[in-house]
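Dear colleague,

Please find the structure below, together with its sequence. My notes on it follow.

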Amino acid sequence: MDLRCFSLLLFLGFPPISALGSVARTDEDFTEELLLKPLPDRKVISHFHFETSAPHTSVYGRHHRIFPKAVYQLVHKFRIREIELSFTQGRWNYERWGGFDALSSQNAKPPGVELWASFDVPPDEVDLTWMNLTHALSGLFCASINFLESSTAYSAPQLVPRFNLSGIRYGSLPREAVCTENLTPWLKLLPCRDKAGLAAILDRPSIYKGFYHSQRLHLVSSEFGPNEGVGAGIILVQTLTTVLQPDFQRTDEISLQPSWSISSIFGRKIPGQCAPARLSNVFLELEKGLVVELEKLGLEHVNTKGLSKNPIFELSGTPDRLVGEVSQKSSVFYEFNVNKYAVDDPLDLGIAWKLPMVWSCLLAPFHATRFLMGSGNERGSIAISLRSLHSNLGLSSSDFESSPLGNHGCTVRVVIFQVVPWYVKVYYHTLKIFIDGKSYAPSDVIEKMHVSPSEDKLSPGMMEIMFKLPCDVRSATIIVDFDKGFLHIDEYPPDANQGFDIPSAIVSFPDFHASVYLTDKSLSNESLLLFRFQEKNHVQSYTEVLLVPLTTPDFSMPYNVITFTCTVLALYFGSLLNVLRRRVGEEERFLKSEAALKPGLLPKLLTKLSSKLRRRSPESPQPPSSSPPSSSSFVSLRLLLKVILVAVLAIVWHYYLNDN
């Protein structure tokens, strides 16, 4: 079977794996890697990293064997320099899962859909290109990304370090639901899809029952612009980050970390690598806080030979390599090569804990939260609070003294980027800043500020602030007031009473970078996952999505008006037509025929019997000739009353319409 697969690959035009590695710069390349990391709150992070690259079109041509054709066409049709699209379900917990590592800085995304792109087109064509791109991505990923085409849904940031590009547009949909319809097109961009390789263990129920799930697509192209023809051509990075809860026995100790394996988390084992993949690895990371606790328990150096005799934890397999960082008491990576495994002998990496372990993750310099202030449906305030966590970063007073600015001159720069819909009318002149509970003038704290006021039904409001805080600050709060606008009844969503979403704000720290510095430089050249971790990524975090209640009309009132109007009109026209179409002569003849009919024998006997019981004679029947006049007068009177009633209703309805 292996010989047949190899022959089939040669027939299809795939070069051998070694050849792919040797000509990575002049040929297409694909790598797949998986990172597993236990968390302090008894959960596990699984991070899938797939990277596909294609050389420049001028060198390689327009036809590809590995690189997805749909993505290549998007790049050239819309002249994309860089783009990132993410689908996220859940919210990243920065206090328990970390906020100062390379994984969280790159892959912690806001709930819903986030899209930003940079184009190599004239400035007056950027908006039109963005609109067409959203429609194309909406059809490609089966999502409502086309809602970002409206000018009220996107903006152009300038101060955020990550968005320091020309021709950039940014938009997000916080309420977009993420499901398998979005994951399936994402997997189709892989050479083996989910039929082989690391993607084969992606079990849908296991993924979507987790606490956090984010699939990301990041593309960088040097096909256009000043860097045309320089670099690697087009690089497509696909990542899938999940936070799952392993199954554990209730009889286990509460303080003991749950034992888990790949099969227990995803329900499947890794059957081997994808055939076109040049590299296929699985990494198990022990982060810095866990390594420190292990050293306290006497486990100073964990090497591949001593894993089976480890008194603290036990791995289900033997790693091929152990890689650590340059600094002591830092993260440790255990590498497992997937190319050694096959369908008959799959990889099922797992860890079993023998002793209770408690540790903490690396946290960002500040923990950012956002909330609403005020009450009522007329006005309110948006507050962004920053709580210092630099005790976890080791920023002590000695660090302040070693700063060029000194202890009192040491500052930390913070950039806040916030977009609000047009119906939330923010008054930026009401900006107030509080540091450690003390009010400061904005000019004393803010270095740069870029504000774009909202326009009704045309563009959202955008606020970018770069300000500096003292290094020893404990808390800082930014407050800005706003008024709630009114929408047309056609602009309300189906669930308007639930409220309206304000997308997450981005809080960046330009002075801090989350990077990994490995001792083995050759591994970073081989593993693109670790190579991305070694890049200088700005530390940033996303705040909560705000739910703003707006004044909503009574949506049942149109129904009530329609039913009331229809009822009145039916009574009016029905009565009028009944009067106009009625014939008096026919009614008189009908009454005469009824009076002419004599009662039967049985009714007569009953009448006589009742009169005898009451001791009075039965009433003599009236002659037939006297009945018609009385009945005719009664019919005429009833007819006259109906006409008068219809006329009164018509007059009332006429005056009611004039008053309205």
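This is a predicted model: local features need pLDDT of at least 70, side-chain atom pairs count only at pLDDT 80 or more; totals for chains, interfaces and linings use all residues.

Asp127 forms a salt bridge with Arg169, with the closest N and O atoms 2.9 Å apart. Arg169 belongs to strand β6 (residues 168-173) and Asp127 to helix α7 (residues 126-141), so this pair ties together parts that are 42 residues apart in sequence. Arg169, at 15% relative accessibility, counts as buried.

In general, side chains of opposite charge can pair when their charged atoms come close. The whole structure holds 30 salt bridges. One of them joins Glu84 and Arg216, at 3.2 Å from N to O. Glu84 is in strand β3 and Arg216 in strand β7, so the pair ties together parts 132 residues apart in sequence. Both Glu84 and Arg216 are buried. These two residues also belong to a network of salt bridges that includes Lys109, Glu114 and Arg162.

Strand β7 (residues 212-221) deserves a separate paragraph. Of its 10 residues, 9 are buried. Strand β3 (residues 80-89) runs antiparallel to β7, and 8 bridges join the two; Leu85 has Leu217 as its bridge partner in β7. Strand β8 (residues 234-244) is also antiparallel to β7, with 10 bridges between them, and Val237 in β8 stands opposite His218.

Finally, Glu544 and Arg91 form a salt bridge whose closest N and O atoms are 3.7 Å apart. The two residues are 453 residues apart, and each lies in a loop.

Yours sincerely

How values were computed
Residues are numbered from 1 along each chain as its sequence is written. Side-chain values use heavy atoms; hydrogens and water are left out. Buried means under 20% relative accessible area, exposed over 50%, partly exposed in between (1.4 Å probe, protein chains only). Helices (H or I, at least four residues) and strands (E, at least two) are DSSP runs, numbered from the N terminus. Two strands pair if DSSP finds at least two bridges between them. A salt bridge is a side-chain nitrogen of Lys or Arg within 4 Å of a carboxyl oxygen of Asp or Glu.
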